[in-house]
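Visitor: I am new to this structure. Could you show it to me and take a few questions?

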Amino acid sequence: MTDTAALPPRALLERWDAQQSAYVAHRELRFQAMLDVLRLGLPESFHVLDLACGPGSLADRVLRAFPQARVTAVDYDPVLLRLAGDVLAEYGDRATVVDTDLVRADWADPLAGERIDAVVSSTALHWLSPSQLLRVHTALAGLLPPGAIFLNADHLRYGPGNETLGVLSDRHDAEVRRTAFAAGADTWDAWYELAVAQPGMPPLAAEREQRFTDRPPQPLAPLHFHLSALRTAGFSEVGTVWQYLDDYVVFARR
């Protein structure tokens, strides 16, 4: 880490975006595809649920792009939730940040009674096991009204039978990281070290460590599993709206 001075929340978010762009090629194009679907598929006033929102980067983009939209952003990481709350506070009562654990069967209870028109997520749901992911999709299908939209942007790795594409994607990811880090982007570890050095963050970092002690990374499920899980959960229309190598935006309609 090279900078331990206190940073405004938005400055820390900007460094998050640069850091994430080192791991996700064409990240802004991915976001633009998601915003286009929301713009074309929903009325001007709508309510979005941002699953595993992190520090609020996608929620921030939705709120900036759609002045009549509301966002409920949920996550289980107390460090990232604090940052999301600080950043999204700029939008007043258009933004709500909720601490909830997608692994729990009752994760959606805080949303009871809310009409949700769209669900979005970015580079997050791969932390769930396949069975956990199916449970989340099933809960969403029960929560959403007919016509609601689901959009998930994530790396969905190539599986057996696509070894060449898998190798090419890995090489491309390595190139993107080298270029971004050479240009000054933080690594994930450097960004996190900076984040937890901010005022009020050390106790939240300890809480995060406790929460995720027994949560190892899960094997990445391929695209066909995500599409099948959404159909099994009860979504009526399933497909993709964007792809770059093994990075996708998955679409579903309730």
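Guide: Here are questions and answers on a strand and a helix residue.

Guide: This is a predicted model, where local features need pLDDT of at least 70, side-chain atom pairs count only at pLDDT 80 or more, and totals for chains, interfaces and linings use all residues. Residues are numbered from 1 along each chain as its sequence is written, and side-chain values use heavy atoms, leaving out hydrogens and water.

Visitor: How many residues of strand E4 are buried?

Guide: Strands (E, at least two residues) and helices (H or I, at least four) are DSSP runs, numbered from the N terminus. Buried means under 20% relative accessible area, exposed over 50%, partly exposed in between (1.4 Å probe, protein chains only). E4 covers residues 118-122 and has both faces covered, with Val 119 and Ser 121 on one of its sides. The buried count is five of five.

Visitor: Which residue in E5 is the bridge partner of Val 120?

Guide: Two strands pair if DSSP finds at least two bridges between them. Five bridges join E4 to E5 (residues 149-155), and the two run parallel. The partner of Val 120 there is Leu 151.

Visitor: Which residue in E4 stands opposite Val 48?

Guide: Strand E1 (residues 47-51) pairs with E4 in the parallel sense, over three bridges. Opposite Val 48 stands Ala 118.

Visitor: Is Glu 209 buried or exposed?

Guide: Glu 209 lies in helix H8 (residues 202-211). Its relative accessibility is 55%, so Glu 209 counts as exposed.

Visitor: How far apart in space are Glu 209 and Leu 63, C-alpha to C-alpha?

Guide: In sequence, Glu 209 and Leu 63 are 146 residues apart. In space, their C-alpha to C-alpha distance is 30 Å.
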